[in-house]
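Here is a plain walk through the charges and the overall build of one protein model. Have the structure open next to you as you read.

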Amino acid sequence: MSDSTPPRPVDDSVRADLNRLRESIDNIDAAVVYMLAERFKCTQQVGVLKAEHKLPPADPAREARQIARLRELAESAKLDPAFAEKLLNFIIAEVIRHHETIADGAR
């Protein structure tokens, strides 16, 4: 198929299935965003407590437990555990950054 070949027409039932699935994906994406927002509200409170009690922003032991737990959950959900770990590491890095900012403001 060359670049100048027009795309094949899509059957109406296929288009309907695509639209239905894409609507579900959009709803799931919205839920993920709101769940992350709720998670960060909790971690901000943790950051305040850590700053008030002069605790370090990072907790490597807790992070390791969370990663192991999430990997197990991912496996049971048929999700790639390596992907789940990468996602959690990204989230943890952001949480630590927030905690550092909170701690800097408390000084």
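## A pair within helix 1

In this predicted model, Glu-38 makes a salt bridge with Lys-41, and their closest N and O atoms sit 3.0 Å apart. A salt bridge here means a side-chain nitrogen of Lys or Arg within 4 Å of a carboxyl oxygen of Asp or Glu. Both residues belong to helix 1 (residues 12–52), where three positions of spacing put them about one helical turn apart. Helices are DSSP runs of H or I with at least four residues, strands are runs of E with at least two, and both are numbered from the N terminus.

How exposed is Glu-38? Its relative accessibility is 42%, so Glu-38 counts as partly exposed. On this scale, buried is under 20% relative accessible area, exposed is over 50%, and partly exposed lies in between (1.4 Å probe, protein chains only).

## The other salt bridges

The whole structure has four salt bridges. One of them joins the side chains of Glu-85 and Arg-71, at 2.6 Å from N to O. Glu-85 is partly exposed at 26% relative accessible area, and Arg-71 is partly exposed at 29%.

Another one pairs Arg-97 with Glu-94, at 2.5 Å from N to O. These two sit three residues apart in helix 3, about one turn of the helix. Arg-97 comes in at 42% relative accessibility, partly exposed, and Glu-94 is partly exposed too, at 26%.

## Buried charges without a bridge

Side chains of opposite charge can pair when their charged atoms come close. Glu-63, in helix 2, is buried but has no salt bridge, and the nearest side chain of opposite charge is Lys-50, 5.9 Å away. Lys and Arg count as positive and Asp and Glu as negative, while His and the chain ends are left out. Setting aside neighbours within four places in sequence, Glu-63 touches Ala-58, Ile-92 and Ile-96, where contact means heavy atoms within 4.5 Å.

Lys-50, in helix 1, is also buried with no salt bridge. Which side chain of opposite charge is nearest to Lys-50? That is Asp-59, 5.3 Å away. Beyond its neighbours within four places in sequence, Lys-50 has contacts that include Leu-55, Pro-57, Asp-59 and His-99.

## The chain as a whole

Stepping back, the protein chain has three helices and zero strands. Its radius of gyration is 21 Å, whereas a compact globule of 107 residues would have one near 13 Å. That radius is taken over C-alpha atoms, and the globule rule is 2.2 Å times the number of residues to the power 0.38. Along the principal axes, the C-alpha atoms fill a box of roughly 65 × 30 × 25 Å.

Of the 107 residues, 18% count as buried. Among contacts with a separation of 6 or more, 61% are between residues 24 or more positions apart.

## Reading the numbers

Residues are numbered from 1 along each chain as its sequence is written, and side-chain values use heavy atoms, leaving out hydrogens and water. Because this is a predicted model, local features need pLDDT of at least 70 and side-chain atom pairs count only at pLDDT 80 or more, while totals for chains, interfaces and linings use all residues.
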